Amino acid sequence: MSVENTIREKLTAQFQPHVLNIENESHMHSSGRGSESHFKVTLVTSHFENMRTVARHRAIYSCLAYELEHGVHALALHTYTLSEWDEINGVVPKSPNCTGVGQ
C-alpha cells in the first residue's frame with residue numbers, strides 16, 4: 001500500500017473527516033517524482049471543535065507517528081472544523097515552492 005493510502009486510512013479511522021484531501025508534494029522538493037516524503041493534508045472534522053491549531057497538529061502527528069519516523073519528511077497541515085471550512089469557502093492556501101529544488 002502506498003504511503004498516501006496509509007495516511008488516508010489512518011486519518012479516516014481516527015478523525016471521521018467531512019473533508020480529507022491528501023496531496024503528494026514530494027515532486028516540489030528535492031526528493032523528486034515518485035517519492036512519498038512530503039504531503040499536504042487538508043482535514044475537516046468535528047473532532048477539532050474547541051481544539052487549538054497546535055493540538056490539532058499534535059493529534060495528527062500522533063496518528064501518523066510511524067510514517068513520520070519511516071520516510072515522511074514533512075506534512076503541510078490545514079485543519080478545520082466545519083464552520084471554519086465554510087468561512088473560508090473551502091479554499092486552502094497553496095504550498096510554496098521548495099527553495100532547494102533544482103539547486
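This is a predicted model: local features need pLDDT of at least 70, side-chain atom pairs count only at pLDDT 80 or more; totals for chains, interfaces and linings use all residues.
Let me begin with Glu 67, which, once its neighbours within four places in sequence are left aside, is in contact (heavy atoms within 4.5 Å) with Thr 6, Ile 7, Lys 10 and Val 72. Residues are numbered from 1 along each chain as its sequence is written, and side-chain values use heavy atoms, with hydrogens and water left out.

Glu 67 lies in helix H3, residues 65-69, where helices (H or I, at least four residues) and strands (E, at least two) are DSSP runs numbered from the N terminus. Glu 67 is buried, with a relative accessible area of 7%; buried means under 20% relative accessible area, exposed over 50%, and partly exposed in between, with a 1.4 Å probe and protein chains only. The side chains of Glu 67 and Lys 10 are joined by a polar contact of 2.9 Å, that is, a pair of N or O atoms within 3.5 Å, of which, within protein, one must be able to donate a hydrogen and the other to accept it, and residues adjacent in sequence count only if both atoms are side-chain atoms.

For the chain overall, there are four helices and three strands, following the pattern α-β-β-α-α-β-α along the sequence, and 35% of the 103 residues count as buried.

What aromatic pairs does the structure hold? There are two, where rings of Phe, Tyr and Trp (its six-membered ring) pair if their centres lie within 6.5 Å, and planes under 30 degrees apart count as stacked, over 60 as edge-to-face and the rest as tilted. The rings of Phe 15 and Phe 48 have centres 5.6 Å apart and planes at 50°, so this pair is tilted. It links Phe 15 in helix H1 with Phe 48 in the loop between E2 and H2, 33 residues apart. Phe 15 is buried at 4% relative accessible area, and Phe 48 at 0%. The rings of Tyr 80 and Trp 85 also have centres 5.6 Å apart and planes at 50°, so that pair is tilted, and both residues are buried.
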